[in-house]
Amino acid sequence: MFVDRLIHTLKSVIIAPTCPICGRRLESAESFVCISCQLAAPFTQLWHKEDNVMSRRFWGIVPIERAAAFMWFVESSPWRELIHEFKYHNHWFLAENMGYWFATELMRSDFLRDIDLIVAVPLHWRRRLSRGYNQSEYIAAGISHKSGIPYCFDAVKRSINNPPQAATQYIDRWQNIENIFTLTRPEALCGRHILLVDDVFTSGATLSTLAQAILKGCNGNVKISVATLAATRHLIDK
Ligand SMILES: [Zn+2]
């Protein structure tokens, strides 16, 4: 992680940074996305309302305190491309920057109230090795950096390397992810309010399964909220 950061810092000194959404060269006062693109971003604003379309997706499945995505995952949107960039093309620093920005917005609301710890949805070690990193860890690190809430990356692991969710049919997802998470350090989680962080919310199946594993491992003595960078638009159509 340190070497990656060093290379990224050197690159940003040598090459003038550009906005990853519109490609325009950034002004010195602009952070990683230009002001025009920031203003036009497809924010969900879900973090301002506890009873929202995303938190309702968990009803009857697992008790979740609060749930919000930062942006809608709109087809052919450059924001969608951005998420693909950091997921598949080693642009982890975009994930961290997006996490930092997301936390800035969350802190303008009540969303992070009484959250004790941030936990990223883990990848199986084999997939983490082939990709070289877990993008959700960088999102979590960005949220933690801005909010000051500590993050913990070693309390839960993915024990089963199930096929990528994107490659499975919606209907199969629930069968595909049962019992895939194991708590390695339950004492780090139990009795706390945990914010689970992932990149994209689609069916909510992975996050529900992780939340269930944590609740079970703590005998119910834990509170869980959920934050993702993006949510697919079909959420609001159901
Ligand atoms: Zn731009």
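These numbered points cover a disulfide, some cysteines, a helix pair and one serine in a predicted model.

1. **The disulfide.** Start with the sulfur atoms. A search of the whole structure finds one disulfide. Cys190 and Cys218 form this link, with an S to S distance of 2.2 Å. A disulfide is a covalent bond between the sulfur atoms of two cysteines. The cut-off for calling a pair a disulfide is 2.5 Å.

2. **Its handedness.** Look along the link between Cys190 and Cys218. The angle about the S-S bond is -85°. The link is left-handed.

3. Find the two loops. Cys190 sits in the loop between strand S4 (181-183) and strand S5 (193-201). Cys218 sits in the loop between helix H8 (205-217) and strand S6 (223-232). The pair therefore ties together parts that are 28 residues apart in sequence.

4. **Exposure of the bonded pair.** Cys218 has 5%, so Cys218 is buried. The cut-off for buried is under 20% relative accessible area.

5. **Two further cysteines.** Check Cys37 and Cys152 too. Cys37 is buried, because its relative accessible area is 10%. Cys152 is buried as well, at 8%.

6. **A helix pair.** Now turn to helix H4 (residues 92-106) and helix H6 (residues 135-147). These helices pack at an angle of about 40°. Their axes are 7 Å apart. H4 and H6 are therefore oblique to each other. Their crossing is right-handed.

7. **The contact between H4 and H6.** Which residues of H4 and H6 make the contact? On the H4 side they are Trp92, Ala95, Glu96, Gly99, Tyr100, Phe102, Ala103 and Thr104. On the H6 side they are Gln135, Tyr138, Ile139, Gly142, Ile143, His145 and Lys146. By class, the contact has eight nonpolar, five polar and two charged residues.

8. **Ser55.** Where is Ser55 placed? Ser55 is in the loop between helix H2 (35-39) and strand S1 (67-73). Its relative accessibility is 6%, so Ser55 counts as buried. Leaving out residues up to four places away in sequence, Ser55 touches Glu50 and Ala67.

Definitions and conventions. Residues are numbered from 1 along each chain as its sequence is written. This is a predicted model: local features need pLDDT of at least 70, side-chain atom pairs count only at pLDDT 80 or more; totals for chains, interfaces and linings use all residues. Side-chain values use heavy atoms; hydrogens and water are left out. Helices (H or I, at least four residues) and strands (E, at least two) are DSSP runs, numbered from the N terminus. Buried means under 20% relative accessible area, exposed over 50%, partly exposed in between (1.4 Å probe, protein chains only). Axes are lines fitted to C-alpha atoms, for helices over the stretch in contact, and angles run from 0 to 180 degrees between N-to-C directions. Angles under 35 degrees count as roughly parallel, over 145 as roughly antiparallel, 65 to 115 as roughly perpendicular and the rest as oblique. A crossing is left-handed if the near helix is turned anticlockwise from the far one by less than a right angle, and right-handed if clockwise. Contact means heavy atoms within 4.5 Å. Ala, Val, Leu, Ile, Met, Phe, Trp, Tyr, Cys and Pro count as nonpolar, Asp, Glu, Lys and Arg as charged, and the others, Gly among them, as polar.
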